[in-house]
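Student: Can we go through the side-chain contacts in this one? I'd like to start with the rings and then move to the charges.

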Amino acid sequence: MQHSTQGIVLTTTRYKDNAYIVNIFTRDFGKVSYAVYNPQSKRAKIKLQHLQPMSIVDIEVTHRENKDIQQLSEAKLHPLSYQLYDHPGKISICFFLAEIIQRSIETTNVDVDLYQFITHSLETLVQSKEIQAFPLAFLLDFSKYIGIYPYDEVENEVIKLLSNEDKELFSRLLQQHQGLTLGERRRSMQLIIDYYKHYLPGMGEIKSLSVLTELFSA
C-alpha cells in the first residue's frame, strides 16, 4: 500500500551495483529499511545526495506486511536539510547523531514525540552559531526519550561507579552543559558515550566520535 510520510535518513548502504538500502526513521512507521534503485540516474526521482545522514525527506513509500525491506518510490529533500550541509561542523554532528540514533532505537517502533524532538533538534542546530555544546545537549535530552536518563544520579548504577572527579563532572553536565573547558567537554562526551553503552550494550564503537572530537579540538 502506498503512503506519504516524512522521515529522517540514518544510513545509506550500497546493496547492489544499482541499488541501496536506506534506513529512515519515519514519522508514521518508526525506523524502516527501504530499497532504492538507480539513485544516481539523471532521471531518478530519488537522488543519492538527498539521502545523507539526518536529512529530512518527504517520501512516498510502499509498505507490505511481513517484509523486512520496504520500497521507497520518491524522496524530496526538506528545505531545512540544505542548511545543515553547508557547514563542516554541522555535517560532522549529523553523522554522529545518525550513528547514535541508528543504534539506539528499535525498528518499526512508532514514536511521534521522539520524531518531533529530533526534527526540532535539527532546527536548533541549523540556527546555532556556537555548536560545540550541541552534541552533549542532544545526548542528554535524547536519553530521556529512550528511557535511560539518570533522573536519580545519586543512585544511578553507572554514576555510582565513577571517580569523585567524574561524578562531579557528570553532575555539572546534567545541570548545565555550557561553559565547559575543552578537556571537560572531551571527558564529558566519553562519560556519556560509556553511559549509553552500559544501557545499550549493542551500541558498539561510535566511529564518528573521533572525527567530531578532532573537529571541536581546534
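Predicted model: local features only at pLDDT ≥ 70, side-chain atom pairs only at ≥ 80, totals over all residues.

Student: Fine. How many aromatic pairs does a search of the whole structure find?

Tutor: The search finds nine aromatic pairs. In one of them, the ring centres of F138 and F142 are 5.4 Å apart and the planes are at 15 degrees, so that pair is stacked.

Student: Why stacked, and what's the cut-off for the planes?

Tutor: Planes under 30 degrees apart count as stacked. The planes of F138 and F142 are at 15 degrees, so the label applies.

Student: Where do F138 and F142 sit in helix α4?

Tutor: Helix α4 covers residues 134-145, and F138 and F142 are four residues apart in it. That separates them by about one helical turn.

Student: Buried or exposed, for F138 and F142?

Tutor: F138 is buried, with a relative accessible area of 2%. F142 is buried too, at 0% relative accessibility.

Student: Which residues form the aromatic cluster?

Tutor: F138 and F142 belong to one aromatic cluster, together with F117, F134, Y145 and Y196.

Student: OK, charges. What does K144 lie over?

Tutor: K144 lies over the face of Y149, at 5.0 Å from the ring centre. K144 also forms a salt bridge with D141, where the closest N and O atoms are 3.7 Å apart.

Student: How many residues apart are K144 and D141?

Tutor: They are three residues apart, about one turn of the helix, and both lie in helix α4. K144 is partly exposed at 39% relative accessibility, and D141 is partly exposed at 32%.

Student: How many salt bridges does the search find overall?

Tutor: Seven salt bridges are found in the whole structure. Among them is K160 with E155, with the closest N and O atoms 3.8 Å apart. K160 is partly exposed, at 43% relative accessibility.

Student: And which side chain does E184 meet in a salt bridge?

Tutor: E184 meets R172, at 2.9 Å from N to O.

Student: What's the relative accessible area of E184 and of R172?

Tutor: E184 has 22%, which makes E184 partly exposed. R172 has 33% and is partly exposed as well.

Technical notes. Residues numbered from 1 in each chain as written. Heavy atoms only, no water. Phe/Tyr/Trp six-rings, centres within 6.5 Å; stacked < 30°, edge-to-face > 60°. Helix = DSSP H or I, 4+ residues; strand = E, 2+ residues; numbered from the N terminus. Buried < 20%, exposed > 50% of the residue type's maximum accessible area, 1.4 Å probe, protein only. Lys NZ or Arg CZ within 6 Å of the ring centre and 35° of its normal. Salt bridge = Lys/Arg side-chain N within 4 Å of Asp/Glu carboxyl O.
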